[in-house]
Amino acid sequence: MSGKRGNGEGSIYPYRNGFAAYVWVTTPEGNRKRKYVYGPTRTVVHEKWIKLHAEAAKGAVATAVPTVGNYLAYWLREVVEPNLRPLTAATYETNVRLYILPFLGSKRLDRLSVRDLRTWMNKLAETCQCCAQGKDAARPEKKRRCCARGQCCGRTLSKRSVNDARTVLRSALGNAVVEELIAKNVAQMIKVPRARRKKPEPWSVEEACGFLERAEAERDYLYAAYVLVLVLGLRKGEVLGLTWSDVALDAAELRVRHQLQRVRRQLIHSDVAKTEASEAVLPLPDICVTALRARQKDQAAAKEAAGEMWHGSDLVFTTRYGTPIDPRNFNREFVRRCERADVRVIRVHDTRHTCGSLLAAMDVHPRIAMQILRHSEIAVTMEVYTHIPSKETRRALRKLGKALGRKPKEGKGRRGP
């Protein structure tokens with residue numbers, strides 16, 4: 001091809017070992033600037049030039065495109081942190097730092113392709129995270145047991161974790177499209193199989209009753225918390241973040257407005273409401289009222305015993321010195337209580353499924369169960385949390401009703417941490 005410029009190609013010119021071209025564009029900030037394209041031949045540059053003209057005709061075009069790493073740092077700081085809950089923001093930051101930046105951080109944002117993302121996801125699924133994050137190498141030399149000793153443990157991510165990382169990247173790229181830094185979201189073009197969720201196996205009514213009976217008999221200081229998670233289906237963070245101002249014992253009502261979570265090595269007491277249903281007033285059954293009144297007395301006794309060492313707060317569930325209960329410690333206490341009650345060890349969150357079973361066994365109307373569990377859609381209540389009980393379970397529930405609702409025995413006080 002000759003070196004002469006074609007008709008209308010006044011902005012295409014020889015540059016170093018190839019050719020270059022520019023188009024006047026309007027940036028997202030509203031300024032008029034030149035946008036350059038480069039290539040080894042005039043034909044290649046001409047195609048890029050035509051494409052750039054088309055983009056400029058559609059709207060704003062960014063002249064300086066950051067790398068994936070630089071943009072994600074901006075996105076986390078300016079978009080995620082101010083607008084999302086602390087725990088969600090921390091989860092996004094973890095996905096970016098551990099799973100996205102090591103593979104795609106140096107890639108230019110506008111040069112990400114579907115092929116790049118497929119390669120990244122495949123490589124992410126095959127990478128041992130113990131090796132990548134240096135987990136075994138961080139241990140004292142005498143305690144190293146796998147990767148640091150040349151014996152890779154093969155700790156790869158699950159399909160769900162890989163999909164979660166891709167979801168975070170897709171959200172970031174979607175924001176880049178809105179800010180007109182890129183023309184399309186390539187992460188949205190990848191179809192991935194949905195990871196199968198492990199179906200929980202909630203306690204039976206008999207197991208739930210045995211758990212509560214043992215906790216009450218041993219004067220467990222978390223007995224009232226266990227009652228709330230089983231009977232009302234409260235989440236762990238909601239129980240630990242519950243305040244006395246949210247509880248009306250005389251009216252037998254409770255409002256869930258706060259949660260306590262550990263985020264980046266700090267305990268954060270924050271608002272909890274996700275939907276209007278989340279802020280609804282929940283009726284308190286007699287067993288809940290009885291347990292909370294006992295908790296109120298125990299806390300007053302602990303405050304008197306602690307004296308000047310008491311840390312004043314409005315939290316319902318505190319340590320013997322009035323400090324918040326760490327969610328991790330609550331998990332440990334729950335596991336110990338399961339073992340003492342000789343019931344299957346399940347996750348604290350799975351008690352919500354048990355709550356659904358209890359409500360179904362008591363023939364509670366699905367709409368009432370939906371209100372207690374605070375679901376925004378009744379389909380979630382029916383399909384996820386309600387496990388149809390057998391006739392034997394229904395009969396057992398009738399026998400256990402009095403046991404679940406009885407008042408705590410008189411004693412010197414409940415066992416505390």
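The legends below describe close-up views of a predicted model.

**View 1. The largest nonpolar core and its most connected members.** This core holds 46 residues. Those that touch the most other members are Trp-203, Phe-211, Leu-228, Val-247, Leu-284, Leu-292 and Phe-317. Two or more residues each come from helix H7 (205-217), helix H8 (223-232), helix H9 (236-240), helix H10 (286-306) and helix H11 (327-341). H8 supplies the largest share, with 10 residues. Another core, of 34 residues, lies apart from this one and includes Val-65, Trp-75, Ile-100 and Leu-169.

**View 2. The surroundings of Phe-211.** When neighbours within four places in sequence are left aside, Phe-211 is in contact with Trp-203, Tyr-226, Leu-230, Phe-334, Arg-337, Cys-338, Ala-341 and Val-343. Within the largest nonpolar core, both Phe-211 and Trp-203 are among the residues that touch the most other members.

**View 3. The packing of helices H7 and H11.** The axes of H7 and H11 are 9 Å apart and meet at an angle of about 100°. Because angles of 65 to 115 degrees count as roughly perpendicular, the two helices H7 and H11 are described as roughly perpendicular to each other. H7 contributes Gly-210, Phe-211, Arg-214 and Ala-215 to the contact, while H11 contributes Phe-334, Arg-337, Cys-338, Arg-340 and Ala-341. By class, the residues of this contact are 5 nonpolar, 1 polar and 3 charged.

**View 4. Ser-270 in strand S7.** Strand S7 covers residues 266-271 and contains Ser-270. Ser-270 counts as buried because its relative accessibility is 16%, and buried means under 20%. Apart from neighbours within four places in sequence, Ser-270 is in contact with Arg-257, His-258 and Gln-259.

Note on methods:
Residues numbered from 1 in each chain as written. Predicted model: local features only at pLDDT ≥ 70, side-chain atom pairs only at ≥ 80, totals over all residues. Heavy atoms only, no water. Helix = DSSP H or I, 4+ residues; strand = E, 2+ residues; numbered from the N terminus. Buried < 20%, exposed > 50% of the residue type's maximum accessible area, 1.4 Å probe, protein only. Contact = heavy atoms within 4.5 Å. Core = buried A, V, L, I, M, F, W, Y, C linked by side-chain atoms within 4.5 Å. Axes fitted to C-alpha atoms, helices over the stretch in contact; angles between N-to-C directions. Parallel < 35°, antiparallel > 145°, perpendicular 65-115°, else oblique. Nonpolar A, V, L, I, M, F, W, Y, C, P; charged D, E, K, R; others polar.
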